[in-house]
Amino acid sequence: MLNTVASFDRIGEENAFAVLARATELANSGRDIINLGIGQPDFRTPDHIVEAAIKALRDGHHCYTPATGIQPLREAVAADIHKRLSVDVDPGLVLIVPGGKVTMFMAILMFGEPGAEILYPDPGFPIYRSMIEFTGARPVPVPIREENGFAFSAEETLSLITPQTRLLILNSPANPTGGVTPKEEIDKLVEGLARFPDVAIMSDEIYGQMTYDGLEHRTLLAYPELRDRLILLDGWSKTYAMTGWRMGYSVWPQKLYDYARKLAVNSFSCVNASAQYAGLAALEGPQDAVREMVAEFDRRRSVVVNGLNGLPGISCRTPKGAFYAFPNIKDTGWQAKPLASALLEEAGIAVIGGPDFGVHGEGYIRVSYANSTENITRAIERMGEFLTAKAA
Ligand code: PLP
């Protein structure tokens, strides 16, 4: 008998990967599957970024780098944050990590243990809860409500803080809802957090460059009073269509930086050297591809929202960020997961059931618009036919 520690019975995962696997299996068997389950841009990484990685390999960057990342990249991250968000970050507090997920893994490991409580958005990225449970801490969901435009509520969040609360996880623009929390609400939260100086904050801003309707991303880095307890999670995956490169970064408070660095040394040593040069080219090179991608997502956003709102029993708010719509399906008479499963098996459309993002996701499905307008249009037609046939 192999006696693994009990915490491994509690670790979860992301169902989106299982849906992707099933969708691929069905497609390989000859079915026409339209994948709106996917959580990654359907664009190629821009050429100049790919070329920078190839050049790095040709130039002989084949070795370990410092565990914290190559210095020019850490400086480029700080410069990029300054340029985009008008805040100063010390490059010495930037850590280059293999993907956005690694920052949440580290932050939750630092603050989670039995007896501790960690607040996280629900519906939200499923790994938050999985990792909290893994550490033995109590996961405390912060409900993300449709009637609140899928923004988090400062008042409700603050009301859930107890003396046991160690870490508060925030995510705006958000997965799976596309919600963006307005600046005023974030101001209110930060003001309230002054009463809880021992609570650390991890702000997942991986979709920070994907906002629409002229809405500006409000970073938590903009609040100097939080900087000694704020962990920023960001990375290249979504902004530069680089999910497979595994490139992320975090900005840590001075007090925590060395712990994070040691976690890096103890696990991955450093991020793939050539990928780091690609990341550097991404930040320092032209940003046109990013703007074009976001403009294309914006166009598809209207196609998705208008299309979904025309379907029987479905109503869909206009998402303000990321590339997901989170339609309300309560009037279809279906539960979300059976609907997602039937849409895949019977109509050939992959979407993710809301409960895969937490209990407050029941009654919703996540529809990603990281697919062509043509495919989105076909998928919505098929969904309409499916729902009408089932209702008959
Ligand atoms: N945070 C959120 C909210 C996400 O949606 C994702 C990916 O889907 C991540 C973090 C992880 O990003 P990465 O693929 O860079 O690990």
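Which helix gives the largest share of the shell around the ligand? It is helix α4, residues 100–111, with 3 residues. Helices here are DSSP runs of H or I with at least four residues, and strands are runs of E with at least two, both numbered from the N terminus.

Before I continue, a word on the source. This is a predicted model, in which local features need pLDDT of at least 70, side-chain atom pairs count only at pLDDT 80 or more, and totals for chains, interfaces and linings use all residues. Residues are numbered from 1 along each chain as its sequence is written, and side-chain values use heavy atoms, with hydrogens and water left out.

Let me stay with the ligand. There are 14 residues around the ligand, and those that come nearest are Gly100, Asp204, Ser237, Lys238 and Arg246; a residue counts as near if one of its heavy atoms lies within 4 Å. In the side chain of Asp204, an N or O atom is 2.6 Å from a nitrogen atom of the ligand. For Arg246, a polar side-chain atom lies 2.7 Å from a ligand oxygen atom. Asn175 has a side-chain N or O atom 2.8 Å from an oxygen atom of the ligand. On its own the ligand has 390 Å² of accessible area, and the protein covers 94% of that, by the Shrake-Rupley method with a 1.4 Å probe.

I turn now to charged pairs. Side chains of opposite charge can pair when their charged atoms come close. The model holds 25 salt bridges, each being a side-chain nitrogen of Lys or Arg within 4 Å of a carboxyl oxygen of Asp or Glu.

Asp32 and Arg382 form one of them, with their closest N and O atoms 2.4 Å apart. This pair links distant parts of the chain, 350 residues apart: Asp32 is in the loop between α1 (15–28) and β1 (34–35), and Arg382 is in helix α12, residues 373–391. Asp32 is partly exposed at 40% relative accessible area, while Arg382 is buried at 19%. Buried means under 20%, exposed over 50%, and partly exposed in between, with a 1.4 Å probe and protein chains only.

Lys55 and Asp59 also meet in a salt bridge, at 2.6 Å from N to O. Here Lys55 is exposed at 52%, and Asp59 is partly exposed at 46%.

Finally, Arg299 and Glu296 pair at 2.9 Å, N to O. Both lie in helix α10, residues 288–309, 3 residues apart, or about one turn of the helix. Salt bridges with shared partners join Asp42, Glu296, Arg299 and Arg300 into one network.

Key. A polar contact is a pair of N or O atoms within 3.5 Å; within protein, one must be able to donate a hydrogen and the other to accept it, and residues adjacent in sequence count only if both atoms are side-chain atoms.
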